[in-house]
Amino acid sequence: MMNVKKILLTGTGVLLALTLAGPAAAAPRDKGASPPDRRPAVGALGSQAPTTEVAGAHEPGPPASVVEAKAERLQQRMEHILRARKQNFDRAEARISDRMTKVQALADRLEAKGGDVAAAEAALTQAQAGLDAAAAKEAQAADLFRAIPGADDKRAAFKDARDMAKDALEELRAARAEVREAVKLLRREIIHLRRELVPGEASPGGAADPQDQS
């Protein structure tokens, strides 16, 4: 059985690490402030008191070009991860859709033989709605992930993107569950029709009991 969760959540941890990692730049000194007095202090007896300076306290932050280069590299890595994620999502979606097509074909054959397939077709309709919702939410999640580098609160932006990706996963799972329900209903109808057939006659349309392989 395909592990949909493993496929769809691949790379989200990497996205968080890429987005939130990196040393914080030291705050630049106010240009309008007076330079610190670096002369040694003189003690009460004329001896010089030792002075202590904080290393890097007055060092300027990285140039804007360096910051922009890091942001660009982060964006490129994120796009690479999102492309792989989309490929995995499309593969999972196509597999469920292909299964739906086969189940619908079996339902049509059973209906032609007089079987009641209304409940199974309703389940397939729900499955298609789930696939559509999953695709829409996955696209929204990708947009939210792309917006993380420019967000003021990157952790909150990542959480929003991750939650949307989880919603897409749940919709995909729900669609797969509906396909399984349709298979179960058709299997019951096959058994019912077999009991009404002349002994020795094949099952409707020559179809075997469907087995869910998704």
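Arg 85 and Glu 138 meet through their side chains in a salt bridge, with 2.7 Å from N to O. Arg 85 sits in helix α3 and Glu 138 in helix α4, so this pair ties together parts that are 53 residues apart in sequence. The model is predicted. The protein chain holds five helices and two strands.

- Is Arg 85 buried or exposed? Arg 85 counts as buried, because its relative accessibility is 4%, under the 20% cut-off.
- Glu 138 also counts as buried, at 8% relative accessibility.
- Glu 138 is one of the buried residues of α4.
- Side chains of opposite charge can pair when their charged atoms come close.

**Other salt bridges**
- How many salt bridges are there? The count comes to nine.
- One of them joins the side chains of Glu 171 and Lys 137, at 3.2 Å from N to O.
- Glu 171 belongs to helix α5 and Lys 137 to helix α4, so this bridge ties together parts that are 34 residues apart in sequence.
- Lys 137 is partly exposed, with a relative accessible area of 24%.
- Asp 143 and Arg 146 form a further salt bridge between their side chains, at 3.5 Å from N to O.
- Those two residues are three apart in helix α4, so about one helical turn separates Asp 143 from Arg 146.
- An α-helix has 3.6 residues a turn, so residues three or four places apart point the same way.
- Arg 146 is partly exposed, and its relative accessible area is 33%.
- Which residues share one network with Arg 146? Salt bridges with shared partners join Glu 79, Asp 143 and Arg 146.

**Nonpolar cores**
- The largest nonpolar core has 23 residues.
- Met 100, Val 103, Leu 110, Leu 172 and Leu 186 have the most contacts inside this core.
- Which elements give two or more residues to the core? They are α3 (64-112), α4 (118-146) and α5 (154-196).
- In soluble globular proteins, nonpolar side chains tend to be buried together.

- The 29 residues of α4 should span 42 Å at 1.5 Å a residue. The end C-alpha atoms of α4 are 43 Å apart, which agrees.
- Buried residues of α4 include Ala 120, Ala 123, Leu 124, Ala 127 and Gly 130.
- Further along α4, the buried residues include Leu 131, Ala 134, Ala 141, Ala 142 and Phe 145.
- Helix α5 has 43 residues. From its first C-alpha to its last, α5 reaches 64 Å, close to the expected 63 Å.
- What caps the N-terminal end of α5? Asp 153 does, with a side-chain oxygen 3.3 Å from the backbone nitrogen of Arg 155.

**The whole chain**
- Read along the sequence, the protein chain follows the pattern α-α-β-β-α-α-α.
- The protein chain has 214 residues, and 28% of them count as buried.
- Among contacts with a separation of 6 or more, 77% come from residues 24 or more positions apart.
- The chain exposes about 13500 Å², and carbon and sulfur atoms supply 53% of that area.

Note on methods: Residues numbered from 1 in each chain as written. Predicted model: local features only at pLDDT ≥ 70, side-chain atom pairs only at ≥ 80, totals over all residues. Heavy atoms only, no water. Core = buried A, V, L, I, M, F, W, Y, C linked by side-chain atoms within 4.5 Å. Buried < 20%, exposed > 50% of the residue type's maximum accessible area, 1.4 Å probe, protein only. Helix = DSSP H or I, 4+ residues; strand = E, 2+ residues; numbered from the N terminus. Salt bridge = Lys/Arg side-chain N within 4 Å of Asp/Glu carboxyl O. Expected span 1.5 Å × (residues − 1). Polar contact = N/O pair within 3.5 Å; in protein donor to acceptor, adjacent residues only side chain to side chain. Contact = heavy atoms within 4.5 Å. Areas by Shrake-Rupley, 256 points an atom, 1.4 Å probe, with all protein chains shown as cover.
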